[in-house]
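Visitor: I am new to this structure. Could you walk me through it?

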Amino acid sequence: MSLQIINLKKKYGEQIALNNINISIDNNEIIGLLGPNGAGKSTLMKSITGVIRPDEGSIIFNDKNIFENEIYSKKQIGFLPENNPLYMEMYIKEYLLFVANLHGVSENRIDEVIELVGITPEKSKKISQLSKGYKQRVGLAQAILHQPDLLILDEPTNGLDPNQILEIRNVIKEIGKEKTIILSTHIMQEVEALCTRVILIHEGNILQDCPIDQFQGKYNSLEEAFTHYTINKD
Ligand code: ADP
């Protein structure tokens with residue numbers, strides 16, 4: 001898996017969301033995408049997954065420009081968007097079968113994924129009947145069903161209770177052994193528990209892109225480092 005983001009720019013009207021972003025990823029690792037609200041994280045994730053078109057720059061995934069190879073990229077990239085949009089009236093298996101058909105993936109993979117994300121006991125339920133944590137697992141299941149090389153997760157544990165957070169983290173860690181994962185989060189323990197590398201975005205610019213210990217640097221905690229980089233900027 002390789003991903004090169006080159007001089008990426010995106011504006012919404014006069015609002016600059018991404019201002020010349022450059023990122024290179026070559027290894028299988030779990031990367032934390034950090035930044036205050038409005039920093040540009042979702043815009044970057046949506047650009048990589050082809051949901052929106054940036055104004056300038058390119059994204060090269062496995063040596064192919066994603067905007068010129070949309071089908072290839074969608075086959076190799078999994079995405080759990082913010083707020084996890086699901087079809088509430090569908091049953092879990094029905095929904096995952098729908099996703100499997102979209103990707104041309106065999107039905108056998110559905111039970112495998114259900115097991116992997118830990119929703120076996122709930123698998124006969126309607127999505128609307130699930131707790132938020134289980135809905136999140138269904139979102140993860142759809143994101144990994146087609147065994148993508150690159151998995152993009154936008155605040156995957158947002159709104160979950162502490163037990164659900166730990167469970168989802170374990171699932172992410174398990175998947176991260178074999179795949180590259182970019183995940184956005186505001187929870188620094190999550191970064192500590194999962195990530196090897198951190199990319200910090202602020203006002204559409206990358207402020208830091210480094211291993212997690214380097215990110216913490218001279219500060220006592222990741223929270224303190226985050227505050228200094230984004231408020232004091234020293
Ligand atoms: P983050 O995910 O880090 O919170 P976003 O990528 O959602 O940041 O937003 C970056 C900037 O772009 C913010 O100023 C936000 O208000 C703006 N923005 C995002 N999406 C839209 C949109 N569809 N229309 C107008 N402005 C947007």
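Guide: The answers below take up the pockets, the surface, the backbone and the salt bridges in turn.

Visitor: What kind of model is this?

Guide: This is a predicted model, in which local features need pLDDT of at least 70, side-chain atom pairs count only at pLDDT 80 or more, and totals for chains, interfaces and linings use all residues. Residues are numbered from 1 along each chain as its sequence is written, and side-chain values use heavy atoms, with hydrogens and water left out.

Visitor: How much space lies in the largest pocket?

Guide: The largest pocket holds about 650 Å³ of space. On a 1 Å grid over the protein atoms alone, a pocket is an open set of points with protein on both sides within 12 Å along at least five of seven lines, whereas a cavity is a set of points where a 1.4 Å probe fits but cannot get out; lining residues have an atom within 4 Å of a point. Grid points are joined across faces, edges and corners, and a volume is the space filled by probe spheres set on the points.

Visitor: Which residues lie nearest the centre of the largest pocket?

Guide: They are Lys 74, Ile 77, Phe 79, His 103 and Gln 142, out of 26 residues in the lining. The elements that give two or more residues to this lining are α2 (70–76), β6 (77–80), α3 and α5 (132–144). Helices (H or I, at least four residues) and strands (E, at least two) are DSSP runs, numbered from the N terminus.

Visitor: And by class, what is in that lining?

Guide: The lining of the largest pocket has 15 nonpolar, 8 polar and 3 charged residues. Here Ala, Val, Leu, Ile, Met, Phe, Trp, Tyr, Cys and Pro count as nonpolar, Asp, Glu, Lys and Arg as charged, and the others, Gly among them, as polar.

Visitor: How many cavities of 30 Å³ or more are there?

Guide: The structure holds 1 cavity of 30 Å³ or more. The volume of the largest cavity is about 40 Å³.

Visitor: What lines the largest cavity?

Guide: Its lining consists of Ile 5, Ile 23, Ile 25, Leu 33, Leu 44, Ile 48, Ile 182 and Ile 199. By class, that is 8 nonpolar, no polar and no charged residues. At least two residues each come from β2 (15–25) and α1 (41–48).

Visitor: Where is Phe 98?

Guide: Phe 98 lies in helix α3 (residues 92–103). Phe 98 counts as partly exposed because its relative accessibility is 32%. Buried means under 20% relative accessible area, exposed over 50%, and partly exposed in between (1.4 Å probe, protein chains only).

Visitor: On to the backbone. What is the phi of Asn 20?

Guide: Asn 20 has a positive phi of about 60°, although it is not a glycine. Asn 20 belongs to strand β2.

Visitor: What about the phi of Glu 155?

Guide: Phi of Glu 155 is near 45°, also a positive value in a residue other than glycine. Glu 155 is found in the loop between β7 (150–154) and α6 (162–176).

Visitor: Is Glu 155 buried or exposed?

Guide: Glu 155 is buried, with a relative accessible area of 14%.

Visitor: How many salt bridges does the structure hold?

Guide: The structure holds 13 salt bridges, a salt bridge being a side-chain nitrogen of Lys or Arg within 4 Å of a carboxyl oxygen of Asp or Glu. One of them joins Glu 190 to Arg 169, with the closest N and O atoms 3.0 Å apart. This pair links distant parts of the chain, as Glu 190 is in helix α7 (residues 188–194) and Arg 169 is in helix α6, 21 residues apart. Both Glu 190 and Arg 169 are buried.

Visitor: Which residue forms a salt bridge with Asp 209?

Guide: Asp 209 forms a salt bridge with Arg 197, the closest N and O atoms being 2.8 Å apart. Asp 209 is in strand β10 (residues 205–211) and Arg 197 in strand β9 (residues 197–202). Salt bridges that share partners join Glu 29, Arg 197 and Asp 209 into one network.
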